[in-house]
Amino acid sequence: MRVSKRASGAIAMGAAFALIASGCSSGNDDEGGSASSSDGAIVVDGTEPENPLVPANTTETGGGKIIDWLWTGLVEYPNNGGAPQNALAESIETSDSKVYKIKIKENTKFHDGTVVKAKNFVDAWNWGAYSPNGAQNASFFADIDGFADVNTSDPDGDGPKKAPEPKAKEMSGLKVVDDWNFEVTLAAPTAVFPTKLGYSTFMPLPDAFFSQGAEAFGKKPIGNGPVSFVSWENNVAIKLTRFDDYNLRDKMKIKDVTVKIYQDDTAAYSDLVSNNLDFQQQVPVSSLAGEKWKADLGDRAVASTTPSTGIIAFPIYDKRFQNAKLRKAISLSINRQEITDKIFFGNRKPADSWANPLTPGAKPGNCTACAFDVAQAKTLLAEAGGFTGQLKMYYNADASHKDWMEAVAQQVKTNLGIDAVAVGVPTFAVFRQNINAHKMDGAYRAGWQQDYPDVENWVNPLYVTGGSSNDGLYTNPEVDALAKQASSAPSLEASHELFAKAVEKIDQDVPSMPIYFGGQQSGHSEKIKKMELTNVGELDITSVEL
């Protein structure tokens, strides 16, 4: 999850392993309060969530940001990029990286006043893993023993056959011990497992979720985080308010947060400059030229580096994109340095690896397909038999993607003679719905922001068969086998080496094209006196003082 908090006490673990540090931080480390803030309110920018707000069924940042604020999980990731630390967990213990004994803090509450108990985690994870429920994040539970018994896949993709009925509704690897303790048995030792437990899919769900159903609950979600849900007016705003019964480490210093849904990030920026918007996570690309954003905002401008990568993915379910030589030809025809220099004015870096280098376990320079080599690209295109028709390259038009996507399309057209054209989809929500429905008939923007600090997060969800964000339906049995070995390695070091071998196979197949490493330019209003960004660049709303 991305509910990163200020660093304090390291996560309590068994002696069998140590967790890892990652990323970068932004903001002020002063944790002092401000009396003038206590009844204050802020308005921040956002995008319409793709789905109702259910943790295990949210894979995009528009909804993910809201879920991060509404929930608190077992583990959280410090703003300064330090090692993951306990949040709702009192302790997470193991002696073999296979059986984990988890104790939660007693008498914390959901927003409906019910107490968070061990069963709320076990029930939530079983619901997310059970394939008939259709949770997009189901694959994140694959480490747990018994996952294969509750999760079956469609044997022919979107074809006429149906997935077989699962053998069970609950994973054998989950056991409630008592109200405050539960036990997780994995299918194999997995050293990175506790690191993953801060990701939003592992959040607890109240009993109301199961009585209401996912659709109704997600429209009026009940979390256990520092703010509670107030209202959601589609494509207009989502309103949140301080949860006064929150009793974990970081409480809200202000009262109300409104997430205003913008259809155009330049409109949001105009509101930011004029102090009608209190926070914008990424200012428009148009404001970067000549560092205009710094001139406009002055000391309200915030620059940071985030573990995120701008990507263009292929719909490999479309027969036109099933030749790896074609995909590599297109990737090699893109001059990433020119894109970052001319479009982003040096505020991004050309991507040269499959995982962002800020991520623990990431190997720099392992994307050979990221090189700019027109001669090789032409040779590969010829060997692939060329490309017939128009190459559409889709992006969501409600953020600053038009310029760089058009530049990429023009480079492909100039360097390979392919009729490439950038096509804008009006909103991020519709864009993601088309991607998840496997309706894309061209390449598409598919940036990735890490969910938790380990290279595994850049491989399993994106490139393993059935991965939660493997939207192009890429599959390679060798990648799957290596990733499985890596996931069950006895140490993080061994895991990272095996993931590096899996990435070598991915690099040969080029299922997507890393384009740039993220740099973030944010801004806040004069109203905000203190604030911090999380380790992935989101606003830490518990840090805001007015």
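User: Is K392 buried, partly exposed or exposed?

Analyst: Burial is read from relative accessible area, where buried means under 20%, exposed over 50% and partly exposed in between, with a 1.4 Å probe and protein chains only. K392 is partly exposed, its relative accessible area being 27%. Please keep in mind that this is a predicted model, in which local features need pLDDT of at least 70 and side-chain atom pairs count only at pLDDT 80 or more, while totals for chains, interfaces and linings use all residues. Residues are numbered from 1 along each chain as its sequence is written, and side-chain values use heavy atoms, with hydrogens and water left out.

User: Which residue meets K392 in a salt bridge?

Analyst: A salt bridge is a side-chain nitrogen of Lys or Arg within 4 Å of a carboxyl oxygen of Asp or Glu. For K392 the partner is D441, at 3.9 Å from N to O; the two are 49 residues apart, with K392 in strand β15 and D441 in the loop between α13 and β17. D441 is partly exposed as well, at 32% relative accessibility.

User: How many salt bridges does the structure hold, and where do K196 and D143 lie?

Analyst: The structure holds 22 salt bridges. One of them joins the side chains of K196 and D143 at 2.6 Å, linking helix α4 to the loop between α2 and α3. K196 is buried at 3%, and D143 is buried at 12%.

Terms used:
Helix = DSSP H or I, 4+ residues; strand = E, 2+ residues; numbered from the N terminus.
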